[in-house]
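Keep the structure open beside the text as you read.

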Amino acid sequence: MERGRVDSKKKEIIKNSFIVLFVIYILLLFLVLLFKYPTTMVSDTVARWKSGAEIVRIKPQLVPFQTIVEYIKNVQAPYDWFFKNLACNLIMFIPYGFLLPAFWKNGHYRGLKIVISGCILSIVIEVLQYITAFGQMDIDDVILNTLGVVIGYELFRLIKYWLKK
């Protein structure tokens, strides 16, 4: 078998692996976001939907950096809830920025497209949190999630650069 065909098959296997990882990541992301709340809270909200009762929603936080600054002021240690919330919002979207460009054809991905699509996904999640009353819609979550996408994309670029050397 020719070397070119072997390399082509390897690339196809790697690409398909990244696609599978990305799908698993998206599923896990939504599961984590949905099930991060106590099951009683989820079941109570669902029961209220079914009965037609009013759903209690937390007012959206739409002032950029308000939550981030408040949380940073209150962080006492890395195991603090404030620190965990900031870190998780950032870390949760690093795989998005890393995995998405890995299975796009060379030259078809652009950093800006990756970042914008990650930002849109984050906005969709925040709006769904508001609509479903599972959490608070917070612009700072979108900021941190989008920053996570940027970090993931830059890691992708760095690793791709190292592999080409």
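## Helices α6 and α7

α6 passes α7 in a right-handed crossing. This is a predicted model, so please read every value below as computed from it. The axes of α6 and α7 come within 9 Å and cross at roughly 150°. Since angles over 145 degrees count as roughly antiparallel, that makes α6 roughly antiparallel to α7.

## Helices α5 and α6

α6 (residues 111-132) also packs with α5 (residues 94-102), at an angle of about 130° and with the axes 10 Å apart. The two helices, α5 and α6, are therefore oblique to each other, and α5 passes α6 in a right-handed crossing.

From α5, the contact draws on Tyr-96, Gly-97, Leu-100 and Pro-101; from α6, it draws on Ile-114, Ser-117, Gly-118 and Leu-121. The class count for α5 with α6 is five nonpolar, three polar and no charged residues.

## Helices α3 and α4

Next comes the pair formed by α3 (residues 66-74) and α4 (residues 81-91), whose axes come within 8 Å and cross at roughly 140°. That makes α3 oblique to α4. The crossing of α3 past α4 is left-handed.

Here Ile-68, Tyr-71, Ile-72 and Asn-74 in α3 meet Trp-81, Phe-82, Asn-85 and Leu-86 in α4. By class, the contact of α3 with α4 comprises six nonpolar, two polar and no charged residues.

## The second largest pocket

Which helix gives the most to the lining of the second largest pocket? α4 does, with five residues. Other helices take part too: α1 (3-35), α3, α4, α6 and α7 (139-164) each supply at least two residues of the lining.

About 500 Å³ of space lies in this second largest pocket. Its lining has 22 residues, and those nearest the centre are Lys-36, Tyr-37, Trp-81, Asn-85 and Asn-89. By class, the lining divides into ten nonpolar, seven polar and five charged residues.

Methods:
Residues numbered from 1 in each chain as written. Predicted model: local features only at pLDDT ≥ 70, side-chain atom pairs only at ≥ 80, totals over all residues. Heavy atoms only, no water. Axes fitted to C-alpha atoms, helices over the stretch in contact; angles between N-to-C directions. Helix = DSSP H or I, 4+ residues; strand = E, 2+ residues; numbered from the N terminus. Parallel < 35°, antiparallel > 145°, perpendicular 65-115°, else oblique. Left-handed = near helix turned anticlockwise from the far one by under 90°. Contact = heavy atoms within 4.5 Å. Nonpolar A, V, L, I, M, F, W, Y, C, P; charged D, E, K, R; others polar. 1 Å grid on protein atoms, 1.4 Å probe; cavity = no way out; pocket = protein on both sides within 12 Å on 5 of 7 lines; lining within 4 Å. Points joined across faces, edges and corners; volume = space filled by probe spheres on them.
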